[in-house]
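Colleague: Could we go through this model together, taking a few single residues and then the overall fold?

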Amino acid sequence: MVDAETVRYCLLTIANLAVLPANHPRMLYEPPLDKDTVDNGPKSILAALAGFAGHGDIKCRQNAVLAIGNLCSNPSNHVAIMELGCAATLATYAYPSTDATDNAGINVQFQAVAGLRGLASHPTIRVQLMRDNVMEPLMLAATATSAQAKAFDDKAGDEAGSKEAKEKKAKKEEEVNLDELDDVAATGQTAAGNPGGALAGQGKGQGGMVVDAEVQREVAACLCNLAGAEENKVEMVQRGVMLALANLCKSPDRAMQTHAAATLANLCEMVEGLTQQSLVDQGLYKCLLGLRDNPHAPVRVDVARCLALLCAKWGS
């Protein structure tokens, strides 16, 4: 019986070895050297990782996901990874956290989303991923507050709260002084005025789920890959992906804007049916107007591509 901590480090070792593509063939296709393991256990290291993704220890599960995510970076591994059902595991760990200080969880989420992005680059697998319900965690991550944006908002909120506190304090002191004058006028004595303590300014901040900006970059790229399949476009729009893309387009991050704009252009390629109209109803034009003066050329190109595709439909 091996203790969980030993298993954690063994899985972390495999995750680090999986960074090198030269190690991938042995991990995917060569059976373990031990004959008893070959007969009774997993047939490959990848199969073992798939099993450990359901381990009772959370650190073991996370390290297994890290290793699978690294294997997803190699297109040659994608079919084998899908055959073992690893996409559903990656989707499970792609959900955003409610704890911005959980660095380990954020790292695992990044690796899970990056793994899905890699799998979505395959023209056939990207269709299968939609059936594995990867859209839900991706859309939640896309619409969540980025940790960097939350920190900025909290700082701004603290500054605003501090300013408000000073104003309240000054107003309170003024009221106290007026009360003192009233007391003097009534009794001829000076009241022991208490100006009151300063109010502690509190940053407003945004509650709910928090996601790292790097994770959102991978989310945007994954959505772009998924939108490359004709079969996925209608379902993505029906599931409200426009809201997620609008949030990504508002980000000051160049990579997010680039991938989000490319996703919009990919979706607009579906000229037939009501897909384009659904995008328009969900705020496409407002999003495009916000990007029209973008300083990054690739973003402007995809905005122009969206408009060209919209104008290609009779009646648009």
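**Two residues and the fold**

Modeller: Asn-133 has a relative accessibility of 32%, so it counts as partly exposed. The model is a predicted one.

Colleague: Where does Asn-133 sit, between which helices?

Modeller: Asn-133 is not a glycine, yet its phi is positive, at about 60°. Its place is in the loop that runs between helix 9 (125–131) and helix 10 (135–143).

Colleague: Is Gln-216 buried or exposed?

Modeller: Gln-216 belongs to helix 12, which spans residues 213–226. The cut-off for burial is a relative accessible area under 20%. Gln-216 has a relative accessibility of 4%, and therefore it counts as buried.

Colleague: Which backbone oxygen does the side chain of Gln-216 reach at 3.1 Å?

Modeller: The side chain of Gln-216 reaches the backbone oxygen of Ala-142 at 3.3 Å. At 3.1 Å, the side chain of Gln-216 reaches the backbone oxygen of Ala-144.

Colleague: What share of the contacts with a separation of 6 or more comes from residues 24 or more positions apart?

Modeller: The secondary structure of the protein consists of 18 helices and two strands, and buried residues account for 41% of its 316 residues. Among contacts in the protein with a separation of 6 or more, the share from residues 24 or more positions apart is 74%.

Note on methods. Residues numbered from 1 in each chain as written. Predicted model: local features only at pLDDT ≥ 70, side-chain atom pairs only at ≥ 80, totals over all residues. Heavy atoms only, no water. Helix = DSSP H or I, 4+ residues; strand = E, 2+ residues; numbered from the N terminus. Buried < 20%, exposed > 50% of the residue type's maximum accessible area, 1.4 Å probe, protein only. Contact = heavy atoms within 4.5 Å. Polar contact = N/O pair within 3.5 Å; in protein donor to acceptor, adjacent residues only side chain to side chain.
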